[in-house]
Each structure stands twice: as C-alpha cells, then as structure tokens.
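The sequence and the structure are shown first, and the description follows.

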Amino acid sequence: MKIYFDACCLNRPFDALYKGQARLEAEAISILLEQCESGNFEMVSGDFLRFELSLISDVVKRNATLELESLHHHFIALDDSIIERGKDLEKESIAQADALHLATAEKAGVDFFLSTDYKLLKKASDIGFSFKVMNPLNLAIRELGYE
C-alpha cells in the first residue's frame, strides 16, 4: 500500500498538541510512519514535498520533518506532467501547493493521500481521484483497526 503524507501531516507531530483532534492525528501519523518503516506500507515523497518542508522557518521543526520525509520508499521528481496536472487541479479550486502534492501522489499511483487540512480533504474528495483522500486518523482506524 502506497501512502503520500502531505506537508501538514509531516508537521502535525511537531505542532502544539493541546487540542484532542491534533493529538489523535499526531498519534495516527506516528503509527502509520511506523508501518512505513517496517515495510508494511510504502511512503511516497517528491521534490515538491521536500521543497515545501525546506521552507519551514523553525530549524528544529524543519529538520525533524525532513527526517520523516527521508523515510520514503518512492521519490517522484517534479516534472512538466505534474505541473500541468497541478494547473488542472487549480481550476477545481485546489490551492497551488496542494494541487502539486495531489498531482505528485497521482503520478506515483498511491493508494492513499493523507492530509490534516480539512478544506483540502473536502475539495479533493469532491474531485474523485483513483486514490483515497483522507485524514490520517481515519486511515489508522479503518485500515489498521485502531478503534
């Protein structure tokens, strides 16, 4: 099973976790990353994800998220087809950065695209991709049985 974690997912474990939902999402992401490390799932990354994480101003958080990103099994280079698909997705009211993440995931043939951005989750679910777009907490509950 191939999984793409967007930048907000890889940031979540380092957010202020005083809210219940954020805490649960951080735990779910940790569980899913452990599944990737153990080889049960395959993590997909790409040029755009790495670029976005490199822009984090907090050096400690930037290095920590880049370390998580380095666990990937598949790396997708940004190319013209991703950029063009991203432009198509922008026409569907998807923000440019999110569109590039989704286009990268689509090119990689992922099974799941994970995000903690609720607006993105809603918009992307309305488009209908070949992969499931969901919150990491839902994937941990539904696919791994953590209820």
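N135 is buried in this predicted model, since its relative accessible area is 5% and the cut-off for a buried residue is under 20%. The residue is placed in the loop that runs between β5 (132-134) and α8 (136-144). The side chain of N135 forms a polar contact of 2.7 Å with the side chain of E25. When residues up to four places away in sequence are not counted, N135 touches Q21 and E25, together with L114, S115, T116, Y118 and L121.

H101 belongs to helix α6. With neighbours within four places in sequence left aside, the contacts of H101 are Y4, D6, A7, F48, L49, E52 and F113. L121, one of the residues touched by N135, is 20 residues from H101 in sequence, and the C-alpha atoms of H101 and L121 are 12 Å apart in space.

The loop between α5 and α6 contains S93. Although S93 is not a glycine, its phi is positive, at about 70°. S93 is partly exposed, with a relative accessible area of 48%.

The accessibility values of these residues are set out below.

| Residue | Relative accessible area | Class |
|---|---|---|
| N135 | 5% | buried |
| S93 | 48% | partly exposed |

Two packed helices are described by the angle between their axes and the distance between the axes. For helix α5 (residues 80-90) and helix α6 (residues 96-108), the axes come within 8 Å and cross at roughly 125°. Because of this angle, α5 is oblique to α6. The crossing in which α5 passes α6 is right-handed. On the α5 side, the contact is made by S81, I82, I83, R85, G86, L89 and E90. On the α6 side, the contributing residues are Q96, A99, L100, L102, A103, T104, E106 and K107. By residue class, the contact of α5 with α6 comprises seven nonpolar, four polar and four charged residues.

Conventions:
Residues numbered from 1 in each chain as written. Predicted model: local features only at pLDDT ≥ 70, side-chain atom pairs only at ≥ 80, totals over all residues. Heavy atoms only, no water. Axes fitted to C-alpha atoms, helices over the stretch in contact; angles between N-to-C directions. Helix = DSSP H or I, 4+ residues; strand = E, 2+ residues; numbered from the N terminus. Parallel < 35°, antiparallel > 145°, perpendicular 65-115°, else oblique. Left-handed = near helix turned anticlockwise from the far one by under 90°. Contact = heavy atoms within 4.5 Å. Nonpolar A, V, L, I, M, F, W, Y, C, P; charged D, E, K, R; others polar. Buried < 20%, exposed > 50% of the residue type's maximum accessible area, 1.4 Å probe, protein only. Polar contact = N/O pair within 3.5 Å; in protein donor to acceptor, adjacent residues only side chain to side chain.
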